[in-house]
Amino acid sequence: CSLGKLESLRLDRNRLLQVPWEIGRLSRLETMSLDCNRLTSLPPEMALLTRLHTLTLKGNPLILCTSSRVRDVAPAAIGEAPVSLFDSDEREADAAHASGRSTLHRKGHDSLLSFLASQLLFQDHSYRELNKVPTSIFRSTQLQALSLRQNLLESLPEELEGHTNLRLLDVSHNRVEKIPRAYTSLVNLQELNVSFNQMINTASQENSYEDLSFPIELGPALRNLETLLLSSNRFAFLPPALLSFPLVRLDISHNKIKKFPRLHPDVKMAQTLRLLNASCNEITELEEETVAALQVIEELLLETNKLSALPSSLGQHADSLVLLWAGQNRIQQVPSSLGRLTKLRSLRLEKNRLKLLPVEVAQLTNLEDLNLFNNPDLYQPPQEVIVRGCRHVVSYMQRLHEHKDVQSRTKLEEEEEEEE
């Protein structure tokens, strides 16, 4: 097989110090991964790869150029070469002739590099310890995905507003405090990951519409945003702009949220949200109206909060809810409406204050995963049934439901002993 026909190349984790200039001969190359090497620059011949649309360079110590002329032209996406690598044109021509390398003058280098930057669809600048976004990124006019994960960024550049084709933006594991108002232009953005940053509400909950962490103008503008990841920040409440996003997946875990906002059926997010992860917050109550408004919710994660009860309106989601996790709360009772969730496959209520499960749990015939451990006062079902697993718990509750009378529990225990 001729290397000239190669379309994909992965050279991750090889301790590479440089990439050979011959890489420019792989004219059909479309994707290339050079993650976790020791590259400080890349050869300008890479700009000859006119089909290249995906290039990842995370975990490389790429050196930013100190020359304003080169810095303004050479894209960081392919490694901004230090000035020391650019010899005089004469010396470069001599070296190229001796090695068989085609001669490219500086202007040729610059224009080809700029062309490559403009055609890249995906750029990955993760793990580079950047404290500023390289300006060369802004020239990738066709950019659809950008990862700036695990850097030292304290703010996001407003210059990204011109990237209207951007669909994925990952700025997780930085020090970002807010999303710029200028991002209202990112109308095609589908996924935004701002997890593990320092985002915090800039207004009180009473004046939440003045919150600058997510300017309210972003709400109607980001009309294609489906995934929003905000875990491990410092939010005390949900910014109102989020309610206008057509979110399918929302992760607000590991914040300091005390109360989930009241939702109505006409709220955009309530109409589209399928996964809500609100674990590891300080939520004390979920309003009945809010839970009822989540029209297509499939997965609801509420672990490690301060809930004392689950809303009975959960039972309205019999056609959608498949996962409900509410372990490590202060829940004392479970509503009988839980029995309507006939599609439920995973139910976790460990480390609560439960005393009994309603007999309607017997109707959860699709349940595959059930965790009731560490509820010291739970007597229905008894611990000896719980330790035998999900299937035995459901079977026990079905038989209990058939007897109708909770007082027949003793008889059931005797039957369990006989089966053993």
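## A partly exposed valine

V322 is partly exposed, with a relative accessible area of 26%; here buried means under 20% relative accessible area, exposed means over 50%, and partly exposed lies in between, with a 1.4 Å probe and protein chains only. The model is predicted, and local features need pLDDT of at least 70, side-chain atom pairs count only at pLDDT 80 or more, and totals for chains, interfaces and linings use all residues. Residues are numbered from 1 along each chain as its sequence is written, and side-chain values use heavy atoms, with hydrogens and water left out.

V322 is placed in the loop between β11 (299–301) and β12 (323–325), where the element names follow DSSP runs numbered from the N terminus, helices being H or I runs of at least four residues and strands being E runs of at least two. Leaving out residues up to four places away in sequence, V322 touches E298, E299, K343, L344, R345 and S346, a contact being heavy atoms within 4.5 Å.

## The chain as a whole

The chain has nine helices and 14 strands, and 50% of its 420 residues count as buried. Among the contacts in the chain with a separation of 6 or more, 44% come from residues 24 or more positions apart. The chain exposes about 20000 Å², of which carbon and sulfur atoms supply 46%; these areas come from the Shrake-Rupley method with a 1.4 Å probe, and for residues only the protein chains shown count as cover.

## The nonpolar cores

The largest nonpolar core has 83 residues, and those with the most contacts inside it are F214 and L250; such a core is a set of buried Ala, Val, Leu, Ile, Met, Phe, Trp, Tyr and Cys residues joined through side-chain atoms within 4.5 Å. The elements that give two or more residues to this core are α5 (268–272), α6 (288–293), α7 (383–386) and α8 (390–403), and α8 gives the most, with six residues. A second, separate core has 15 residues, including L9, V19, L29 and L57.

The helix α8 has 14 residues and reaches 20 Å from its first C-alpha to its last, close to the 20 Å expected at 1.5 Å a residue, the expected span being 1.5 Å times one less than the number of residues in the helix. Within α8, the residues C390, V393, V394, Y396, M397, R399 and L400 are buried.

Which residues does F214 contact, leaving aside its neighbours within four places in sequence? F214 is in contact with I179, L192, M199, L228, L230, F235, P239, A241, L242 and F245.

F214 is also one of the residues that line the second largest cavity, together with L169, I179, Y183, L186, L189, L192, L218 and L222. On a 1 Å grid over the protein atoms alone, a cavity is a set of points where a 1.4 Å probe fits but cannot get out, and its lining residues have an atom within 4 Å of a point.

## Residues in other loops

Is S232 buried or exposed? With a relative accessible area of 18%, S232 is buried, and its place is in the loop between β8 (227–229) and β9 (249–251). Not counting residues up to four places away in sequence, S232 touches F196, N197, S253, H254 and N255.

F373 is found in the loop between β14 (369–371) and α7, and at 36% relative accessibility F373 counts as partly exposed. The C-alpha atoms of F373 and L349 are separated by 7.7 Å, although these residues are 24 residues apart along the chain. P381 also has its place in the loop between β14 and α7, and a cis peptide bond with omega of about 5° joins Q380 and P381.

## Two positive phi values

Y127 has a phi near 55°, a positive value in a residue other than glycine, and Y127 is placed in the loop between β4 (122–124) and β5 (145–147). At 42% relative accessibility, Y127 counts as partly exposed. T304 has a positive phi of about 55° although T304 is not a glycine, and its place is in the loop between β11 and β12. T304 counts as partly exposed, at 30% relative accessibility.

Key: 1 Å grid on protein atoms, 1.4 Å probe; cavity = no way out; pocket = protein on both sides within 12 Å on 5 of 7 lines; lining within 4 Å.
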